[in-house]
Amino acid sequence: LEKGKGNTRMQLAFDLFPQHSLRLFLFVDVVNSAEIHKNLKINPFDAAFINPRVVVDVFPVHVAANLALNSFHNSKLVTKTLHSELIFNLSAAKNISEAFKLFGIDPTSSTLLVAVIDCTDAKSEEVRALVNGKEVGADLLPKYVDRDLTIKSYRLTQKEIVHNELVGAIVTRISTKSL
């Protein structure tokens, strides 16, 4: 995968869980977010639908997925599914509802990040068929971030941001949530 080229296929591996992988899809100009949001509440789809405005890089998503897999393999899921656990772990909040409010999609989202653990080609096609928008490379994610909203969502201080770069500060918050 070449950085900055807008490649639409991004698949990441896990050192601790080599039998699993994570595929990321970034969609812009989405016109059916309200329909997707409504359908997810009725009939959950085996994927994590994430608000990309608060995701500064793919690395925090990779870390959150790794934490979700760890919880799954240790039978310690806090949420009902592996993909909902990914969204929960992406947040620094310990409250599931707050995590979904901040990091899940809402009916007005025009940009969506979709993360799928162990994604098959058939599942990729289901994701693409579900979202009515233009798929762009997940490496373009930083272009769609609202930095101020992200800092507010993670409750980061200026000292944390100066000491660590933003991605590092976020990963620290995610990783230490359970401590």
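## Packing in the model

In helix α5 (residues 121-130), the buried residues are Lys123, Ser124 and Val127. Seen down the axis of α5, these buried residues fall within an arc of 105°, so they line one face of the helix. Asp121, Ala122 and Ala129, on the other side of α5, are exposed, whereas the buried residues of α5 pack against β2 and β4. The model from which these features are computed is a predicted one.

In soluble globular proteins, nonpolar side chains tend to be buried together. Here the largest nonpolar core holds 41 residues, of which Leu22, Leu24, Ile50, Val61, Leu86 and Leu90 touch the most other members. At least two residues of this core come from each of β1 (10-13), β2 (21-28), β3 (48-50), α2 (58-73), α3 (82-90), β4 (112-117) and α8 (166-175), and α2 gives the most, with seven residues. Another core, of 14 residues, lies apart from it and has Val30, Phe45, Ile105 and Val127 among its members.

On the α3 side, Ser84, Ile87, Phe88 and Leu90 take part, and they meet Ile96, Ala99, Phe100 and Phe103 in α4. The residues of this contact of α3 with α4 divide into seven nonpolar, one polar and no charged.

Serine 91 has its place in the loop between α3 and α4, while glycine 133 lies in the loop between α5 and β5 (134-136).

| Residue | Relative accessible area | Class |
|---|---|---|
| Serine 91 | 0% | buried |
| Glycine 133 | 32% | partly exposed |

Which residues does serine 91 touch, not counting residues up to four places away in sequence? They are Ala99, Phe103, Tyr154 and Lys177. Of these, Ala99 and Phe103 are also among the α4 residues that meet α3.

For glycine 133, leaving aside its neighbours within four places in sequence, the contacts are with Phe27, Val28, Asp29 and Val30. Glycine 133 and glutamine 19, by comparison, are 114 residues apart in sequence and 31 Å apart in space, taken from C-alpha to C-alpha.

Note on methods:
Residues numbered from 1 in each chain as written. Predicted model: local features only at pLDDT ≥ 70, side-chain atom pairs only at ≥ 80, totals over all residues. Heavy atoms only, no water. Core = buried A, V, L, I, M, F, W, Y, C linked by side-chain atoms within 4.5 Å. Buried < 20%, exposed > 50% of the residue type's maximum accessible area, 1.4 Å probe, protein only. Helix = DSSP H or I, 4+ residues; strand = E, 2+ residues; numbered from the N terminus. Arc of directions from axis to C-beta. Contact = heavy atoms within 4.5 Å. Nonpolar A, V, L, I, M, F, W, Y, C, P; charged D, E, K, R; others polar.
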